Amino acid sequence: MLLPLLGGCSAPIADRVVTPGGHAILNLFLLELAIAAFILAVVVTILVISIVRSRRLPPDAEVPQTTGNRKVEVLYTAVPLAIEITLLVLSLMVMGVVRSDPPATNTLTVRVVGHQWYWEYIYPNQHVTTDGELHIPVNTPLHFEVQSADVIHSFWVPQFGWKIDAIPTKTNIMDMTVTQTGTFQGFCVEFCGNQHAWMLTTVVAESPSQFQAWVKDNAAAARPPASAQAARGEQVFMSSTCVACHTIAGTQATGTVGPNLTHFGSRKQLGSGVLDNTPANLARWITGPQQVKPGVHMPDYKFSSADLQALVAYLEGLK
C-alpha cells in the first residue's frame, strides 16, 4: 500500500543525502520499508478474506483449521528466514560502505568536539579551530574524530545519512565523502542537559578552492582593531576575565574553556544557533547569557554602555 508513496518520495529524499554511505543507508531503509508494507498488505488481505468467509458460515459451524499442515508451517518459517538473511547480508554490505577506510592521501582530518552546548571543530593539519560552523570540501575524503569534553553528545547531520556518539575519553571515527555543495543543519541528538535543543551547528560544503580560501583566512591571526572604538573594545576584552575562557589568535587571550573567538565576526550565529550574530544580539548575549541560554558556563557581564559598545565593535570586527 505504501509502494506508490515510496515511488513518489524516494527521489526528493535521495537528493537530500550527500554521501555514498548515506545513500546506501537510505536505499536499505526504503527496501525494508517496502518489504514491511508488502507484508502488511498480505496480512491485512488474509485477515479481511478470513473475516468475510467466517461471516458466511452458519453460527454453529466450525472454522477449518490448519494445525499440522507442514506446507503452511514450512512456508511460515522459510519466508521470514529468507527475508532476514537477505536483510542481514544487505546490512553487512551497507556497513562495509559506511565504515570503509579513507584513502591514505588527500584525506581531511577534523576533530569534532562536543561541549555543553556547542560543537568545536579542530583542523589539526590546517591549524584552524572554530565552532558552530563546519566547513568541508566536496569530493574529498573526510575523517572525523568525534569526541566530547564533558558529557555524552551525539553528532548528527541528516544529509550525511547517519549519526555518531561523542563520548568522554573516547574517540569515535566517522569517515565519508560529501558529493554536493550546500549548507546543512546539524544537531546533537543525545540529551546532554537543559540546553540540548540549542546545540546546533551549520555545515558548509563548498568547492575545494573555496575551502582553501576559508582555511587561509581562518588560519591567520585575528585582524587588529580597525577603529578607535574597536581598539578600546580590545582593551576591555583583555582586561576582563574573557581572556581566561577564550582564545583570540595573535593576542594574549589563550583560554580554552569557551569557544575560539579568533574570527568570531564572520560567524552567522551566537550561542550555537540561539541568536543571529548581530551587534544588538551580541550586546544582549554579553550582558545576559544566562537569560538567553540558561545554564551556559559564561556569566552575565556588567559593562558600562560605552565599554559594551566598544567590546561589541571589537568582536564583530574579528573576521
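Modeller: Before we start, two strands count as paired if DSSP finds at least two bridges between them. Strands (E, at least two residues) and helices (H or I, at least four) are DSSP runs, numbered from the N terminus.

Colleague: Fine. What kind of model is this?

Modeller: This is a predicted model: local features need pLDDT of at least 70, side-chain atom pairs count only at pLDDT 80 or more, and totals for chains, interfaces and linings use all residues. Numbering runs from 1 along each chain as its sequence is written, and side-chain values use heavy atoms, with hydrogens and water left out.

Colleague: Let's do sheets. What is the strand order in the open sheet?

Modeller: The order is β4-β10-β9-β6-β7, five strands with mixed pairing.

Colleague: Which strands stand at the edges?

Modeller: β4 (133–137) and β7 (163–166). Each has a single partner strand, so one side of each lacks a neighbour in the sheet.

Colleague: How much are neighbouring strands turned against each other?

Modeller: By 25° on average, direction ignored. Axes here are lines fitted to C-alpha atoms, for helices over the stretch in contact, and angles run from 0 to 180 degrees between N-to-C directions.

Colleague: Do β6 and β9 run parallel or antiparallel?

Modeller: Antiparallel, with two bridges joining β6 (residues 153–156) to β9 (residues 182–188). W156 has F187 in β9 as its bridge partner.

Colleague: Which helix packs on that sheet?

Modeller: Helix α4 (residues 208–219), which touches β4 and β10 (201–206). Contact means heavy atoms within 4.5 Å. The direction of α4 makes about 135° with that of β4.

Colleague: Now β5. Why is it called largely enclosed?

Modeller: Because seven of the eight residues of β5 (residues 141–148) are buried. Buried means under 20% relative accessible area, exposed over 50%, and partly exposed in between (1.4 Å probe, protein chains only).

Colleague: How many bridges join β1 to β5?

Modeller: Seven, and β1 (residues 108–115) runs parallel to β5. V110 stands opposite F144 in β5.

Colleague: And how many bridges between β5 and β8?

Modeller: Six, in the antiparallel sense, with β8 covering residues 172–177. There, P141 stands opposite T177 in β8.

Colleague: Switching to charges. How many salt bridges are there?

Modeller: Three. The rule is a side-chain nitrogen of Lys or Arg within 4 Å of a carboxyl oxygen of Asp or Glu. R111 and E145 make one of them, at 3.5 Å from N to O. R111 lies in β1 and E145 in β5, so the pair ties together parts 34 residues apart in sequence. R111 is partly exposed at 25% relative accessible area, whereas E145 is buried at 18%.

Colleague: What does D131 pair with?

Modeller: R267, with the closest N and O atoms 2.7 Å apart. D131 sits in β3 (residues 128–131) and R267 in the loop between α5 (228–238) and β11, 136 residues apart. D131 is buried at 11%, and R267 is buried at 9%.

Colleague: Which helices hold D307 and R232?

Modeller: D307 is in α8 and R232 in α5, 75 residues apart. Their side chains meet in a salt bridge at 2.7 Å, N to O. D307 is partly exposed at 22%, and R232 is partly exposed at 38%.

Colleague: How many aromatic pairs?

Modeller: The structure holds 10. Rings of Phe, Tyr and Trp (its six-membered ring) pair if their centres lie within 6.5 Å; planes under 30 degrees apart count as stacked, over 60 as edge-to-face and the rest as tilted. F211 and W214 have ring centres 5.9 Å apart and planes at 25°, so they are stacked. Both lie in α4, three residues apart, about one turn of the helix.

Colleague: Are F211 and W214 buried or exposed?

Modeller: F211 and W214 are both buried.

Colleague: Which residues form the aromatic cluster?

Modeller: W119, Y121, F144, F155 and F160 form one cluster.

Colleague: Last topic. How many disulfides?

Modeller: Zero, taking a disulfide as a pair of cysteine sulfur atoms within 2.5 Å. For C188, the nearest cysteine sulfur is that of C192, 3.9 Å away. C188 is buried at 5% relative accessible area.

Colleague: And how far is C245 from the closest cysteine sulfur?

Modeller: The sulfur of C245 is 8.0 Å from that of C242, too far for a bond. C245 is partly exposed at 29%.
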